[in-house]
Amino acid sequence: MRNTEEVILNLFKNNSTKELNTDFLIKEIYSKDYALIENLLESSEKTNLKESKRKKFQLHRKLLYYLKKLIEGNIIKVSKIMEKGEKYFILATGEGDTIIEKGYKKIIITKPAITSTYIEQYESKDIIKKYEEESWINRFNSILLECFKNDDIHQKYITLNECLININDTLALNDFENILNNTTDSSIKDFIDKIIKDTETTSNNISIIINIDKVNNNIYEFINYYAKLNPKNINIIFNVSNKDISKYAKIILQIFEKFSDSKIKINFKNKDLSSAPYFKGRAGIYNFNEEEWEIYSKKFKGKTIGLNCAQSQIAININKFFDKYHTDTEFRQAILNIAKTLLVANTIQRRKSNEYFRNINRLNSPNPSDFYKFSRNYIRFWNYDWHKDILENNNLFERIKSAKEIVDNFCYSEETIFKSCGIPIRLKIAFSSAFKGYDDKFMGERDYKKITINKTEDYYNDEVKTFLQTREKMFEIFDGGDRLRIFRKNDFTTTDILHELSILLSAYKLPFFTYDFSGLKGTVKLTNFM
Amino acid sequence: MNIEEKTCIDAWKKSLNYIIDNGIDFVDLDKRQCREVLNLIVTITEPEKDNDKLIDLMKRFEWIYPSCEELTAVMFNKEDSATYEYSYGPRIFNFFGKKDQVNDFVIPLLKNDRNSRRAIISLFNPSSDSEILNKNIPSLMLIHFKIIENKLNCTCVIRSNDCFIGWPGNIYQIYSLQKYVAEKINIETGSIATISCSAHIFHEHFENIKDIKY
């Protein structure tokens, strides 16, 4: 490879997504000659000026010779021509690694699979952030693996292990009681030990979803073992309904006792409000659309290993946004720009799916497309103080609602456009809250109201009631799921716990909530019921 | 109705105006207002001139239109993609894992018999597509290749054709395939004709159509 070509390629290598014009390239490549020209230009003598123009023209011609060669080799292309004929060039290669080899020399140009055009202005101000930018296209955020009654735990582990490499946040094991009920203690312990190691290696989360009304006595040993280990990246979600509380009180109290002892958060999904699974990742809560979950349960369950849940996600820091921008129009435009970015991300993901997700497609054979049927993208919101917002009448609820309408219309239109061109895509975008774990640095400090319960009677105080009603509204808007976290302090009795659960499950429309015992001192013994 | 023009843009303009002026309104299953004419035949005699211009025009709007790369990939990728319900490429180049309709049939057939009337590619498969609840089936049903006066001409049947949004992409894709076949049999490309069983435009796009600056 000739030296000049190599220099040009290195410039494109360092600016793999940018358009470079001829002036910039000349300055970089022929820096000494260009400095001379600039000196001549500063001179007042006519002959020097003429000479400088002649030399500049020569440099342009020289450069264009090499650029033409690279264009012919399909390495770069003209991206635009400005009014005075000035040309801009960009890499013609697709995203990923391109190895340009001539003779003994080799240049590897990596063009990231990221299209930021629509949100660059917000990203540079740290207002908007893609989740796990390095892998936000070549991995999914979350998938759900089904556990069936006759599933073998060893086989399930192999499948889970294969899937973990394809995600960058969380994997959910749905109906895990199907495995728990039919497996010996040692196999379950072995399984838990292995997935703890895997999640530590990959930094991914695993959510274990258990239906309380379907477990057998194996649950007790499992709870004890899990509470003893207290794994950082594995969480359990218990699906319960109000009527389960008295019937399965013994199990619920065991969970409360063991988990509160180890300061483990207890997650509950209210089955009466939602039949679709809810689960937790670092970025936030994931779920499925209720109607689509019904269709899946009736028509597709069992045909695949489970479902892809979330493809790509982007978060917006609400407080920061309104510090810099002020109007509803600007907010709606930002959300629409996020939606456009997600569409572009999905486009690349689709094009490369056979390469990126080959093993997942193999696991779902012969119905690989069914696995992607109900997946969505996420827009997550961080640092919005809903409570304060309602008190101060800032109208954020309405802003989010109207942004959601715009996003839904956009998705529908794009699906229609692509379908008309013979590209039957699915584009769905869900709204949800973000967790601090989405990206510690980007998120910064939390700015929201917490709910702390010291005693059961607190649930009857007006402030707590208003807070919970506000959170009900948020659950309505966040079609991608949300989580209410209750910080439980002070001692509680069995009656307290069952009563509190009953309030949360029957008096409010809160599909997913978590009891957090981080503020609890000492240990709690809930023995009087058992 | 027959529309014949030299360029894609002229043919497109004329067909859009024809549908707006002569179509019948109805509301589709998604509750969208639609204007439709039946059996619209549009012939472009020199599609090589501007088949990509329509894609550029579509990119001027607020929406994101599929890129030329994606339109071509959908037409030429032989492998089924798990993320699409169906895709043109596998149906054309690997029909249900059994037949490469272009390389193993159309090209050798036309090389062997330049007057053949059998050079047809089918994209519709009744065994999987004729399901009452299955809405995701190809719109482009078949492509017929015919050599006349040493030029490769193409006729396509499109069962349901959004003439504003879909037709530009369809023409770009069909021309890519026409060019591919023509190069293999070493002749020039000729005309493209689309026969749209339902040629329609959605009311929500009427304003966009008015706004186009060709």
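Predicted model: local features only at pLDDT ≥ 70, side-chain atom pairs only at ≥ 80, totals over all residues.
In chain B, the loop between β5 (140-148) and β6 (151-162) holds N150(B). N150(B) is not a glycine, yet its phi is positive, at about 60°. Is N150(B) buried or exposed? It counts as exposed, because it has 10 C-beta neighbours inside 10 Å, and the cut-off for an exposed residue is 12 or fewer.

F96(B) also calls for comment. Its phi is near 50°, again a positive value in a residue other than glycine. F96(B) sits in the loop that runs between α4 (88-93) and α5 (102-112) of chain B. With 11 C-beta neighbours inside 10 Å, F96(B) is classed as exposed.

As background, most residues other than glycine have a negative phi, and most peptide bonds are trans. That brings me to chain A, where the peptide bond joining S365(A) and P366(A) is cis, with omega about 5°. P366(A) belongs to the loop between α16 (358-363) and α17 (368-371) of chain A.

The largest nonpolar core comprises 163 residues, and I143(A), I316(A) and I338(A) have the most contacts inside it. Which helix gives the most to this core? It is α14 of chain A, residues 328-351, which supplies 9 residues. Residues of the core come from both domain 2 (129-443) and domain 3 (451-516) of chain A, so the core lies between these domains. Apart from this core there is another, of 10 residues, which include F12(A), L20(A), L25(A) and L67(A).

If we set aside neighbours within four places in sequence, I316(A) is in contact with I127(A), I128(A), F321(A), A334(A), I338(A), I379(A), F381(A) and W382(A).

Finally, I come to the contact between the chains. How many residues does each chain bring to it? Chain B contributes 26 residues and chain A contributes 21 residues. On the side of chain B that touches chain A, the elements giving two or more residues are α3 (68-76) and α7 (166-184). By type, the residues on that side of chain B comprise 14 nonpolar, 8 polar and 4 charged.

Note on methods: Residues numbered from 1 in each chain as written. Chains lettered and ligands numbered in written order. Contact = placed C-beta atoms within 7 Å. Helix = DSSP H or I, 4+ residues; strand = E, 2+ residues; numbered from the N terminus. Nonpolar A, V, L, I, M, F, W, Y, C, P; charged D, E, K, R; others polar. Buried ≥ 20, exposed ≤ 12 C-beta atoms within 10 Å, placed from the backbone. Core = buried A, V, L, I, M, F, W, Y, C linked by C-beta atoms within 7 Å. Domains from an automatic or database assignment.
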